[in-house]
2 protein chains.
Amino acid sequence: MPANTDIYNLPERSLRLFKILVEHFIQDGQPVGSRTLARDSDLDLSPATIRNIMADLEDIGLLQSPHTSAGRVPTAKGYRFFVDSLLRVSELTHNEIRRIEEELSASEDTQALLMRTSNMLSDITKLAGIVMLPKQEQHALRQVEFVSLSDNRVLVILVFNNNEIQNRIIHTARRFSPGELQQASNYLVETYAGKDLMTVRKELVRELERMKQNVTSIMTSAIEIAQQAFTKEPIRDDFVVAGQTNLMDIAELCDVERLKKLFDSFNQKRDILHLLEQSAHAKGVQIFIGEEAGYDVLDNCSVVTSPYESEGQILGVLGVIGPTRMHYERVIPIVDITAKMLGSALNSNN
Amino acid sequence: MPANTDIYNLPERSLRLFKILVEHFIQDGQPVGSRTLARDSDLDLSPATIRNIMADLEDIGLLQSPHTSAGRVPTAKGYRFFVDSLLRVSELTHNEIRRIEEELSASEDTQALLMRTSNMLSDITKLAGIVMLPKQEQHALRQVEFVSLSDNRVLVILVFNNNEIQNRIIHTARRFSPGELQQASNYLVETYAGKDLMTVRKELVRELERMKQNVTSIMTSAIEIAQQAFTKEPIRDDFVVAGQTNLMDIAELCDVERLKKLFDSFNQKRDILHLLEQSAHAKGVQIFIGEEAGYDVLDNCSVVTSPYESEGQILGVLGVIGPTRMHYERVIPIVDITAKMLGSALNSNN
DNA sequence: TTTTGCACTCTCGCCATGAGAGTGCTAAAT
DNA sequence: ATTTAGCACTCTCATGGCGAGAGTGCAAAA
């Protein structure tokens, strides 16, 4: 009789063994052989029996062996099965929770808070932390300030409800006096405060239309300036990575080629961003296993993510990047709780 | 007669050979033997003669051989002598100059400009670019704005003459109304605009003294707020590094241990900052050779720096980090001209 | 169904070997 | 006096053989 090919109908014993094997491999990165497994499992089986079981698990695709005489390691599919069905996450200690809480005490502006979060994640997991910054599109404008610089340049300061602050410099057609700027600012706050940027832009277009008919509007200059101030999208980072160097300590990534590719992809942002966005609308913690997800820069890597939200609205995604062979049972709750606490920290920030 | 031990009295011929050797080694990183040197030098000498000369150069301490049968490589002292006395920098092409000019066209705020500069440096040299951010202490305050956030939190926006913008959030003893904030802002700009932060702080202390005598001053609240706003030093980066991953391509640094140490020192900032500060008050381009300067994280590395200044005042330092075996003749003029252009870009930015 | 026994395979570290590169020294040549 | 040729010597590095160790798969026994 051929081995059972349905991973969900595996006999209890095989599951136990598989779990122990994965844990063992996560622990020390060496392929696990039948002897070791026989010794370390509480099942009282001989290596031979275990070999048979492992052969079955290999047939199903959960295991593979690097070469004939080297024990087994989990495949991507194996990891997937492990984290989805077998893993029990561990409780965090009070100390750890307090640590996270303290780091996320909201006292400064959003940008700084998110950086601290990323640092904290990397520090506590000894892996690379990653925090995607919220698109401020969704946030309501609170305040607009103009500061006249030399010539025709005007500094625009936008403050959003989530405490995010944006500075932009625009070039105006003519020089505006401080008075004009003050007036414009007042008008804009009055008219647009509480609306998000997208809405503001739309309404501005309409306003501009109306202006063409009624040239005498005293708010001509305000609209003119605003047009520029709100349109120009400032270059801003999409996410912050911290603790990249932690990854250099990890045996299976200790290859300059690999590391370079990985670090480059942090800089280019594209791949990582794509991955993060995928998980933006999932609920709770998600786990990406590199080879499975088809990101070749993430070979031998896993990414554990969770969206964070405030007032029911998803703001962004945070997580941890590390080797596929990571301590999921610790990392998952850390990412989970960090996301939640960041959410409420941002909440209390309004 | 023993070999001449004074490097400045070396015969012309030895100098020529030494220069060619260093250039050769910089080119392809392999120790250079007498055969190669005999072939590549235009001097018509046999390998044996060259061996004698090389032995002399080794005695003086300019060369060393990794092992008996491996040709010679320059020592730190050798590099020093090379860059100080032998090197002729090459002219930059018009394209390169235009490239630098374009990248440094000042249009946004200082922070962004400096980041672009760092990126440009790394990109153009294929090494790591580094730009130290100016201490804003020296810059005159131009504008102060307050934005009331929830509860007792106030967002402080400081704009300096060099277009640097700083955001800080402070906690006040009580809630201030927008009107009060506006008034405070007006007063502070009126009183302190044009002065640098250090001065402002000093004067504020005096003001506070006076206030104690004359409690009726209408500007009590302004001073109160300002006290906090100007005292709290925001956490800000000291320098930005770009193109770290370029260093991973370089053969002699292709060792994860080394790279980790190096990258870590970028993150911890301490060592690098110390080094940069050293060159802050030197004129023009300076070259640090890792082992010579005693920074062990910089083994096999050199740092080429130049201070940049605007209106005769040194604002900071920028430069490039790469292997000791780098193309100085190209890197030096690049760093030089970048520093000058950044200076004038910041100048035109006022 | 499990276990024992055994032949087989693959990796890895070790050592010897030899080619290649470059040196230093001495003696000859210029 | 300087330069060159010759030569023995040293060191690295790539190669291949070898044996130990680890682990497997299979067949036969329990």
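**Entry 1: domains 1 and 2 of chain A**

I began with the C-alpha centres of domain 1 of chain A and domain 2 of chain A, and they sit 29 Å apart. I note here that the model I am looking at is predicted.

Next I checked where the domains run. The assignment for chain A puts domain 1 at 7-86, domain 2 at 94-133 + 237-347, and domain 3 at 137-231. So much for the bounds; on to the contact.

How many residues of domain 1 of chain A are in contact with domain 2 of chain A? I got nine, and they meet 10 residues of domain 2 of chain A. The two domains bury about 870 Å² between them, and 67% of that is on carbon and sulfur atoms. On the domain 1 side of chain A, the residues losing the most area to domain 2 of chain A are A:I26, A:Y79 and A:R80, which together make up 56% of what that side buries.

I looked for salt bridges across the interface of domain 1 of chain A and domain 2 of chain A, and the rule finds one. A:R80 turns up again here: A:R80 forms a salt bridge with A:E292, and their closest N and O atoms are 3.3 Å apart.

As for which elements take part, α1 (12-28) and α4 (76-86) of chain A each give at least two residues to the side of domain 1 that touches domain 2. I sorted the residues of that side of domain 1 of chain A by type and got five nonpolar, two polar and two charged.

**Entry 2: chain A against chain B**

Then I moved on to the two chains. The contact involves 36 residues from chain A and 37 residues from chain B. Chain A and chain B bury about 2,900 Å² between them, with 59% coming from carbon and sulfur atoms.

How many salt bridges does the rule find across the interface of chain A and chain B? There are two. I looked up A:K260 and B:D249, whose side chains meet in a salt bridge at 3.2 Å, N to O.

I found six residue pairs in polar contact across the interface of chain A and chain B. On chain A, the side touching chain B draws at least two residues from each of β4 (141-148), β5 (153-160), β6 (165-171) and α10 (256-268). By type, the residues on that side of chain A come out as 14 nonpolar, 13 polar and nine charged.

Notes: Residues numbered from 1 in each chain as written. Chains lettered and ligands numbered in written order. Predicted model: local features only at pLDDT ≥ 70, side-chain atom pairs only at ≥ 80, totals over all residues. Heavy atoms only, no water. Domains from an automatic or database assignment. Contact = heavy atoms within 4.5 Å. Buried area = accessible area lost by both parts, 1.4 Å probe. Salt bridge = Lys/Arg side-chain N within 4 Å of Asp/Glu carboxyl O. Helix = DSSP H or I, 4+ residues; strand = E, 2+ residues; numbered from the N terminus. Nonpolar A, V, L, I, M, F, W, Y, C, P; charged D, E, K, R; others polar. Polar contact = N/O pair within 3.5 Å; in protein donor to acceptor, adjacent residues only side chain to side chain.
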